[in-house]
Protein chains: 2
Amino acid sequence: MVTEIEEKVIEAKKASITLASVSTDIKNRALEEMANALNMNRQAILSANMRDLEAAEKALRKGELTQAMVERLKVSDSKIDGMIAGIRDVIKLEDPVGKTLSALELDNGLELYQVSCPIGLIGVIFESRPDVVPQIMSLCLKSGNSTVFKGGSEAINSNRTIFNVLLDAIENVEGIPKGAFHLMETREEVMDILSMDSYIDLLIPRGSNSFVKFIKSNTKISVLGHADGICHVYVDEDADLSKAYTVCFDAKVQYAAVCNAMETLLVHEKVAEKFLPKMAQMLDAAGVELRCDKKSFEILENIDFIKKLIRAVEEDWSTEYNDLILSIKVVSSIEEAIDHINTYGSHHTDSIITENQKKKKKFAELVDSSSVMINASTRFADGFRYGKGAEVGISTNKIHARGPVGMEGLMIYKYVLIGNGDKVSDYVGPSAKKFSHRKLDKLLYDVIREK
Amino acid sequence: MVTEIEEKVIEAKKASITLASVSTDIKNRALEEMANALNMNRQAILSANMRDLEAAEKALRKGELTQAMVERLKVSDSKIDGMIAGIRDVIKLEDPVGKTLSALELDNGLELYQVSCPIGLIGVIFESRPDVVPQIMSLCLKSGNSTVFKGGSEAINSNRTIFNVLLDAIENVEGIPKGAFHLMETREEVMDILSMDSYIDLLIPRGSNSFVKFIKSNTKISVLGHADGICHVYVDEDADLSKAYTVCFDAKVQYAAVCNAMETLLVHEKVAEKFLPKMAQMLDAAGVELRCDKKSFEILENIDFIKKLIRAVEEDWSTEYNDLILSIKVVSSIEEAIDHINTYGSHHTDSIITENQKKKKKFAELVDSSSVMINASTRFADGFRYGKGAEVGISTNKIHARGPVGMEGLMIYKYVLIGNGDKVSDYVGPSAKKFSHRKLDKLLYDVIREK
């Protein structure tokens, strides 16, 4: 028996075939309609959001939601401006579909093209933040991917209103297939979505660490994203300490509640006594609690104006605080620092402060993280800062897409082989023809595609 | 409690960090040692294989193994020559590690590099075919990936001997980390490997469809490969029929037992009466059984010299015969053909025979398969023919790597950001600095890497 949800998912998968071949012009027109529709329907969106916020305030008082979740839920006129600007940014991005990634002559008149194409059907599961819908929907539309969304029940009115506004906008654009985008609303539908690995090609979760972990451990679909962000800065013995103060302060204090903030500071023993007291004072003044290993504690314990100084326990090294808390460890070599990072870190973003070229190379090569920073703050690891125009998410996966992921993470490729009645049996046996495997200059497939 | 298998897997994962930074010279020296060692140890390999073959013959008589499995198990001197040649081919391939995939200035003195690197730890699970070990081990070594192998019990002596010969060879090369390669032998270890998603980054299964399906449904690790190969050729109304005869015959008959052979022939109704009788005779003469839909059966039933002609049932459209059997269906449009392929096919390889440029474009864009052939046999879909030098496998995945996959499927990338003490807080707020996002010509990271 096909359930209602399955029907929607199958419809979205079918529509993805057509969506894959929609022209850039039509897709951009639909995006423009999406932006206009958000602008025209501000009142409806704000009042739907108001209903969610009233319910959320009640849940907050009962302790069922956190203040942070309520904050993220809030939609304002300026947030709608942000959604509109985001969609207009996606219009400006180059269409990633149909790019010739490689072109190879296999033999005279037998030409192989590797062409970029959408992945197919993307599942997006998110908590709070109703702005996920326009953001991901615009990226998926531009990249030719169908999408099924499942938002949190706390944002049900906001999500529904925004989704319907956007869907109405694109369904009026000729050439956009019906049924490519769906919003699921009930809690049961999450488990249904997670089980539909024969239709959904990729899952993008947006929410807390525990939320992402739950999704990863309950589905066979590939998940693009990250659970933990346990980021390190290692201050080497050859560090320029002025850079170390700047980078460490920024990495911890500029915005502590995010995945690319520093959670553990590693310091080489040869500079620890010189570096740590001033660093600790700067962090302490910014309200950071310091959790120290034995050596760093001994260096800092007698500086009596440090307010929050405690001993770290083993668990600290694998904890993402997402808060003004920092664990500190003194190491005796760059090798120990790298080993600590690879063992306790989350393969997200880690930084070295050093002037030594060999150590820069060693750290960049041996730290197994999606972003490695040399004399720069971990906080730079972000799609916007990396110049991607829009961010799908930050991935700690080792396949497909890693680090801050833009629209390229929604793409795959297919091979197109153009022949003239060619058969493999000609290339087999004692008098076999040889393959030329010559890079092509003139692209026959482009001629076909212009038709 | 850490089991013995887990210990090996953890050791391999640790070694992968070092293996990722081993120089091309050292890796090629190790590959040369592998090739030499196979050559020097022919007798040991052949006699180990003899022991497996004796056991296999017994199992064959009991019906526990098929003749095909016994064939695949066989190692001969010329097969060892093939293994050696394969390793020497990998030596010639360009080192895929450390390539700068993109280089972007974020701001003056703040440079972002996207650099190719190995995935980490690959799990290889295979049936019969002891030649999988040298093939995959050489590809993984060259691409800097650690590997755990698990072969079938029917090849235990051959696998163990070949693996130990290769391992001894590389362990004598200075610079290759210990513990990067392991061979697991017991049946229980398969389930253990499948459960180690926190260590193993990618699984490559090599075996029958049911074997690959079993692996896919029993692991959370990403699997690179394909289960079914249900490939189609669609003969369009605008086909050059001489090309259609050639391609269809090759796609079905040249080698029927492989994943890229044609299983279903789709014919446009306007050419069916002209095309099918001669095509059917050619296939029939080659021993192919024809399973026809109503229309094609009516066309062919009165041609009395066709020996094996039956009516197809619904199940035929989704069956991979891997044999001299072909299902045939008459369609009334290219759209019906595309829809049939996307519905019943396995997204592996599908071909259109047509002279119409618009239909070539339509078929290439709307058929959701890893390889789309235009006037060429489906049998061309293969890593060697596609010029990849060596094949990791053929993937029907929609993420990471699709179609015939060479060493590029064993690679991912990391970002390296090089700064000078840069902090994010400079790029936030009312007087925020702007990112330049300018493509770099001179690559600072190359200077560091030369150290």
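**A strand and its neighbours**

Author: Start with one pair: T349(B) has S371(B) as its bridge partner in β13(B). The model is predicted, so local features need pLDDT of at least 70 and side-chain atom pairs count only at pLDDT 80 or more, while totals for chains, interfaces and linings use all residues. Residues are numbered from 1 along each chain as its sequence is written, and chains are lettered from A and ligands numbered from 1 in the order in which they are written.

T349(B) belongs to strand β12 (residues 349–353) of chain B, which runs parallel to β13(B) and is joined to it by four bridges. Helices (H or I, at least four residues) and strands (E, at least two) are DSSP runs, numbered from the N terminus. Two strands pair if DSSP finds at least two bridges between them.

β12(B) also pairs with β7(B), again parallel, over four bridges. There, Y234(B) has I352(B) as its partner. From β12(B) the chain passes through helix α14 (residues 357–366) of chain B to β13(B), a right-handed β-α-β crossover. Right-handed means that, with the strands pointing away from the viewer, the path from the first strand over the helix to the second runs clockwise.

Now look at the side chains. In a regular strand they alternate between the two faces of the sheet. T349(B), S351(B) and I353(B) point one way from β12(B), while D350(B) and I352(B) point the other way. Five of the five residues of β12(B) are buried (20 or more other C-beta atoms, placed from the backbone, within 10 Å of a residue's own). So β12(B) is largely enclosed by the rest of the structure.

Next, step across to the other chain. Strand β13 (residues 371–376) of chain B runs parallel to β16(A), with five bridges between them.

Last, the contact between the chains. Chain A and chain B each give 67 residues to it (C-beta atoms, placed from the backbone, within 7 Å). On the side of chain A that touches chain B, β16(A) supplies the largest share, eleven residues.

Terms used: Two residues are in contact if their C-beta atoms, placed from the backbone, lie within 7 Å. A residue is buried if 20 or more other C-beta atoms lie within 10 Å of its own, exposed if 12 or fewer, and partly exposed in between; C-beta atoms are placed from the backbone.
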